[in-house]
Amino acid sequence: MIVRSIDAIIRMLDADYIENGNIEEKIKGVCIDSRKVVEGNLYIPIRGVHHNGHVFVQQAIDNGARAVLWEKKETLQPPKDVVVILVDDTTKALAQLAKAYRHQLKMKVVGITGSNGKTSTKDMLASVLKQRYLTQKTLGNFNNEIGVPLTLLSFNEHVEIGVVEMGMENLHELSYLSHLVNPDIALITNVGTAHLENLKTMDNIAKAKVEIVDGLHPQGLFLYNGDQELLVHTVKMSQIAGSIGIRTFGCKESNDVVVSNVRQTMHGLSFQLNHDEFHLDMLGKHQAVNAASVYMVARALGLTNEEIQAGFLNIEKTGLRNEVVHCGNCLILNDSYKSNPQSALAAMDTMEAFDIPYKIAVLGDMLELGDTSDKIHYDLGKDVGRYHVQEVLTIGDMARYITQGVWNHTNTIKVKHFSDQQSLQAYLQPYLTQECMLLVKGSRGMKLDVLVEELVKSI
């Protein structure tokens, strides 16, 4: 984490200040939540839609904050017992501080984005790079205009590689983050229907993802999924300038790194990358494509195949993504962090590969899909109807259309819709004593992770 004198922070922000304390004192880390401030922190009060962090400054000081940022336009009185650094906008100042700190560090940065798979790829890449370098990564999903600066400021002084996940909701957001992060290597896992509500078209989503190159080092490396024609076309049309290297990965033979011969077992994946054999401690055949991108980054940074393989087998995973949970005699595939059609079908593919006699798919609403959300859910239902599952259970207003899609496609799958988690849990309870597999998949807002927790607690 950032450790700098208050005076250095003031200079990094080119800011005025109120000297209520010793500006030679060092701050240790930054925090935007007054409840989580620890001794030595710089407290940054963010002005949000519902809360104004300036209101909670005294709590931050009581918890050990040694200095605070303060917006000049704030009508509340600034505190009198710590150094107050005056800025026009605390959110912009957070980003400015992070950018300055990023350029003070000697690390290389790998920036990752994508509609699906960016968090798994981040986890995989950090595990691999740790085999040779002092590596830190984005924690959780801190990937927006607040999370990315906090990620950069969390890196230690001597870090050699930073793996930074970058998300977006609209055009130009990723360009902003890319200029902030200034990656040496930029990676797009794929383009899917996530954020269709805001961006309206797949073309716009692809353009928004390619913005990751805007802040890329002029001699940097850009990697993307060459299996997706829309992404290939968008990259060609973007006229990427400079001496940036551009390479692709995927299952098509035209890619620079080709994924082939993918096999899944209960314990993970085996596959070939340009005919070299690898094993991965993750489930889901789509993860082999993510592994190909990790392989390309690692090779560009000088790692050997042996180091890459060691990293693939020791991944520190972010939760709620293809987690296998043993619950009585039932095996739960907990993929409840987010959902869109591409990731839902990938989860169905993962369940399909298991040799278990009875399979149940629990599917919740996929959020942020825009005006055609009903049709997208219905089409997913039609696709789900092609899988070898015994039951499809749905929950949520839009998930009703998944039910209809399955119903209209097949009469061999039992289909049932639930209006609340309590009734769904009660229905599932008897299955926990049977040999079966349960996939739980839905957008984060559906809180299906709570369903999994309650099922596990009930055993």
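The legends below describe close-up views of helix pairs and pockets in a predicted model. Residues are numbered from 1 along each chain as its sequence is written, and side-chain values use heavy atoms, with hydrogens and water left out. In this predicted model, local features need pLDDT of at least 70 and side-chain atom pairs count only at pLDDT 80 or more, while totals for chains, interfaces and linings use all residues.

**View 1. Helices α13 and α14 cross at roughly 40°.** Helices (H or I, at least four residues) and strands (E, at least two) are DSSP runs, numbered from the N terminus. The axes of α13 (residues 373-384) and α14 (residues 399-409) come within 6 Å; axes are lines fitted to C-alpha atoms, for helices over the stretch in contact, and angles run from 0 to 180 degrees between N-to-C directions. The angle makes α13 oblique to α14 (under 35 degrees is roughly parallel, over 145 roughly antiparallel, 65 to 115 roughly perpendicular and the rest oblique). α13 passes α14 in a right-handed crossing; a crossing is right-handed if the near helix is turned clockwise from the far one by less than a right angle, and left-handed if anticlockwise. In the contact (heavy atoms within 4.5 Å), α13 contributes D374, H377, Y378, L380, G381, K382 and V384, and α14 contributes A399, Y401, I402, Q404, G405, V406, N408 and H409. By class, there are seven nonpolar, six polar and two charged residues in this contact. Ala, Val, Leu, Ile, Met, Phe, Trp, Tyr, Cys and Pro count as nonpolar, Asp, Glu, Lys and Arg as charged, and the others, Gly among them, as polar.

**View 2. Helices α10 and α11 pack at an angle of about 135°.** Their axes are 10 Å apart. That angle makes α10 oblique to α11, and the crossing is right-handed. On the α10 side the contact is made by A291, V294, Y295, A298 and R299, and on the α11 side by N305, I308 and F312. The contact of α10 with α11 has six nonpolar, one polar and one charged residues.

**View 3. Helices α15 and α16 make a right-handed crossing.** The axes of α15 (residues 421-428) and α16 (residues 448-457) come within 10 Å and cross at roughly 40°. The two helices are therefore oblique to each other. Q421, L424, Q425 and L428 of α15 meet L448, V450, L451, E454 and L455 of α16. Six of these contact residues are nonpolar, two polar and one charged.

**View 4. The largest pocket has a volume of about 1200 Å³.** On a 1 Å grid over the protein atoms alone, where a 1.4 Å probe fits, a pocket is an open set of points with protein on both sides within 12 Å along at least five of seven lines, and lining residues have an atom within 4 Å of a point. Grid points are joined across faces, edges and corners, and a volume is the space filled by probe spheres set on the points. Of the 49 lining residues, S115, N116, K118, K338 and N340 lie nearest the centre. At least two lining residues come from each of α4 (118-129), α6 (173-181), α10 (286-300) and α12 (341-352). The lining has twelve nonpolar, 25 polar and twelve charged residues.

**View 5. The second largest pocket has a volume of about 860 Å³.** It is lined by 34 residues, with C31, I32, D33, F142 and L150 closest to its centre. α5 gives the largest share of this lining, four residues.
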